[in-house]
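Dear colleague,

Please find below the structure that I am handing over to you, together with its sequence. My notes on it come after.

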Amino acid sequence: MIRRIITINQERCNGCGLCASACHEGAIGIVDGKATLLREDYCDGLGDCLPACPMNAISFEEREAPAYNEAAVLAAKKEKSAAVTHRVESQLNNFPVQIKLAPVNTPYFDGADLLIAADCTAFAYGNFHNDFMRNRITLIGCPKLDAVNYAEKLADIFRLNNIRSITVTRMTVPCCGGLPFAVKNALAMSGKEIPLHVVTIKPDGTLLR
């Protein structure tokens with residue numbers, strides 16, 4: 001059918017993306033740094049994108065194009081909304097999380113199940129928040145990058161608070177071994193007997209318990 005539809009001048013377009021944001025139907029996207037009409041049947045021909053373009057790169061033309069498909073637009077919006085709705089919620093229960101920055105005595109440590117995680121583990125294991133951080137107080141560090149011995153700081157935390165359990169997550173790389181080593185030393189220094197569980201994670205996310 002012949003109908004009014006937008007056309008985008010690629011030479012004028014600077015790729016700012018304002019037109020894509022203004023298009024409520026999702027017809028426009030940025031491809032290779034330029035605004036592009038992705039779906040002709042998503043374009044309703046009303047032109048909300050025109051005033052949003054600072055380069056005057058968008059205009060109307062009358063040409064052969066598929067009819068505006070409102071049902072498809074609504075279905076796409078619903079799918080996008082569902083994806084946002086099911087976004088994984090953060091399970092972080094404390095801040096700061098860096099071992100070096102954490103206080104040694106604070107209310108959230110009282111009766112806490114403590115997670116002491118090597119920095120990289122949260123990136124390697126996709127469901128880290130739900131499987132490890134949920135219902136735990138989280139501390140993170142990297143023995144190699146921080147170049148410190150965490151034992152003294154952790155010993156103070158163990159000694160001054162009622163920690164119920166400790167879970168350590170580390171990567172398979174040798175330098176990560178410094179984290180459980182520091183935790184074990186800290187336990188000995190604190191004089192406390194706290195249940196300790198160490199979980200090793202491979203770069204592909206596989207757990208080695």
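This is a predicted model: local features need pLDDT of at least 70, side-chain atom pairs count only at pLDDT 80 or more; totals for chains, interfaces and linings use all residues.

Residues are numbered from 1 along each chain as its sequence is written, and side-chain values use heavy atoms, with hydrogens and water left out.

Strands

Helices (H or I, at least four residues) and strands (E, at least two) are DSSP runs, numbered from the N terminus. Strand β5 spans residues 113-118, and 6 of its 6 residues are buried, where buried means under 20% relative accessible area, exposed over 50% and partly exposed in between (1.4 Å probe, protein chains only). In a regular strand the side chains alternate between the two faces of the sheet. In β5, Asp 113, Leu 115 and Ala 117 point one way, while Leu 114, Ile 116 and Ala 118 point the other way.

Two strands count as paired if DSSP finds at least two bridges between them. β5 pairs with β6 in the parallel sense over 5 bridges, and β5 also pairs with β7 in the parallel sense over 5 bridges. On the β6 side, Leu 114 has Ile 137 as its bridge partner, and Ala 117 has Ile 140. On the β7 side, the bridge partner of Leu 115 is Thr 167. Strand β6 (residues 137-141) is mostly covered as well, with 4 of its 5 residues buried.

In helix α6 (residues 151-160), the buried residues are Ala 151, Leu 154, Ala 155, Ile 157 and Phe 158. Seen down the axis of α6, these residues fall within an arc of 160 degrees, so they line one face of the helix; the arc is that of the directions from the helix axis to the C-beta atoms. The buried residues of α6 pack against β5, β6, β7 (165-171) and α7 (178-190).

Asn 161 lies in the loop between α6 and β7 and counts as buried because its relative accessibility is 6%. Leaving aside residues up to four places away in sequence, Asn 161 touches Val 104, Asn 105, Thr 106, Phe 109, Asp 156 and Lys 192, with contact meaning heavy atoms within 4.5 Å.

Pockets

A pocket is an open set of points on a 1 Å grid over the protein atoms alone, where a 1.4 Å probe fits, with protein on both sides within 12 Å along at least five of seven lines; lining residues have an atom within 4 Å of a point. The largest pocket has a volume of about 180 Å³, its lining residues including Ala 117, Asp 119, Phe 128, Thr 138 and Ile 140. The elements that give two or more residues to this lining are β5, α3 (121-124), α4 (128-133) and β6. The largest share, 3 residues, comes from α4.

The second largest pocket has a volume of about 150 Å³. Its lining includes Cys 23, Glu 25, Tyr 42, Lys 77 and Lys 80, and helix α2 (residues 70-85) gives the most to it, with 4 residues.

Yours sincerely

Definitions and conventions:
Grid points are joined across faces, edges and corners, and a volume is the space filled by probe spheres set on the points.
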